[in-house]
Amino acid sequence: MLYPTLAGLARPLFGADGVAWAMAGLNVLAFGVGAGATAVVARQHGASALWGLAFPLNPGVLFELHIDGGGALALAALMVGVAALKRQSPWPAALAFIAAVLAREVMMLSVLGLAIAKWVGPVSRRLKIALAPFAAAVLWRIYVEIRLGDLPGGRAVQEIGLPLKGFVGAFERWLEDPDLSMVLGVFYLLASLVMISRALRLRTVLELPAAGFALLAPLLTELVWLQYFDISRALSPIPTFLALSLAVSISAPGDRGTAADEPVDVTSRRRFDAADGR
């Protein structure tokens with residue numbers, strides 16, 4: 001709901017055309033904020049800020065921009081939250097994660113992954129990070145049910161099915177008419193497997209936010225796998241976090257799992273800087 005709500009703020013001043021322009025403007029802004037936050041995360045873990053390009057070059061983000069979807073805003077908010085995890089207070093990160101979940105509910109998978117990642121902090125901090133977005137999503141659902149509960153239910157499209165059944169069905173159709181969907185489909189399946197492997201081995205904030213999506217990938221149905229823009233958007237966190245995870249491993253081999261993932265005690269840092277004359 002976050003994306004249309006923010007875009008709708010333009011209606012009182014600029015009418016329906018203003019809403020359309022606001023939708024495009026929000027996604028352009030999300031591109032910039034997401035790239036900046038991704039660059040910050042890369043620098044926090046010892047990689048070049050140029051890896052911030054892993055956000056705007058993500059195929060799923062590009063397709064969200066093309067269709068005016070809310071996925072770019074959701075992923076940008078998620079990256080802001082990951083960058084904010086270095087702060088001593090958990091609330092800046094929690095607020096960013098609330099925005100991510102309200103923009104796209106499935107981002108709760110990333111939030112849960114972050115809540116169990118290494119060096120995020122004590123249990124109280126992990127609970128705040130996980131429970132605040134969950135509570136926001138529940139409250140929004142209750143509000144929707146109260147306002148729209150009399151509408152007929154049901155889903156037009158089924159997204160979840162038996163493991164790999166959807167991919168196999170899509171692959172058989174790709175063989176009949178190979179195109180970009182086949183290339184990206186195979187890429188996302190392989191990337192999901194690599195992401196799962198790295199998440200199990202490293203368990204840091206650079207892998208676990210995408211691990212839930214990687215586990216979800218084999219369960220997606222043929223309708224999702226069949227079109228490159230659908231599968232790219234469904235699994236959008238994977239390319240960005242996989243790029244960051246690999247970049248940090250290349251930039252600082254053998255240095256994963258250090259205090260780089262720990263939250264910074266801002267008060268202690270200021271005292272240290274003052275004592276050092278800075």
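This is a predicted model: local features need pLDDT of at least 70, side-chain atom pairs count only at pLDDT 80 or more; totals for chains, interfaces and linings use all residues.

Trainee: How are H10 and H13 oriented to each other, and at what angle do they cross?

Mentor: Two packed helices are described by the angle between their axes and the distance between the axes. Helices are DSSP runs (H or I, at least four residues), numbered from the N terminus. Axes are lines fitted to C-alpha atoms over the stretch in contact, and angles run from 0 to 180 degrees between N-to-C directions. Here, the axes of H10 and H13 (residues 237–251) come within 9 Å and cross at roughly 135 degrees. The two helices are therefore oblique (under 35 degrees is roughly parallel, over 145 roughly antiparallel, 65 to 115 roughly perpendicular, the rest oblique).

Trainee: Which residues of H10 and H13 meet?

Mentor: From H10, Pro209, Ala210, Phe213 and Ala214 meet Pro237, Ile238 and Phe241 of H13, where contact means heavy atoms within 4.5 Å. The residues of this contact divide into 7 nonpolar, no polar and no charged (Ala, Val, Leu, Ile, Met, Phe, Trp, Tyr, Cys and Pro are nonpolar, Asp, Glu, Lys and Arg charged, the others, Gly among them, polar).

Trainee: How many aromatic pairs are there?

Mentor: A pair of aromatic rings is described by the distance of the centres and the angle of the planes. Rings of Phe, Tyr and Trp (its six-membered ring) pair if their centres lie within 6.5 Å; planes under 30 degrees apart are stacked, over 60 edge-to-face and the rest tilted. The structure holds 9 such pairs. In one of them, Phe167 and Trp174 have ring centres 5.8 Å apart and planes at 80 degrees, so the pair is edge-to-face.

Trainee: Is Trp174 buried or exposed?

Mentor: Trp174 is buried, at 2% relative accessibility (buried is under 20% relative accessible area, exposed over 50%, partly exposed in between, with a 1.4 Å probe and protein chains only). Phe167 is buried too, at 12%.

Trainee: Where does Thr221 lie?

Mentor: Thr221 is in the loop between H10 (208–216) and H11 (222–226), and is buried at 14%. Leaving aside neighbours within four places in sequence, Thr221 contacts Gln158, Glu159, Ile160, Gly161 and Gly166.

Trainee: And where is Ala10 placed?

Mentor: Ala10 sits in the loop between H1 (2–8) and H2 (11–44), and is buried, with a relative accessible area of 14%.

Terms used
Residues are numbered from 1 along each chain as its sequence is written. Side-chain values use heavy atoms; hydrogens and water are left out.
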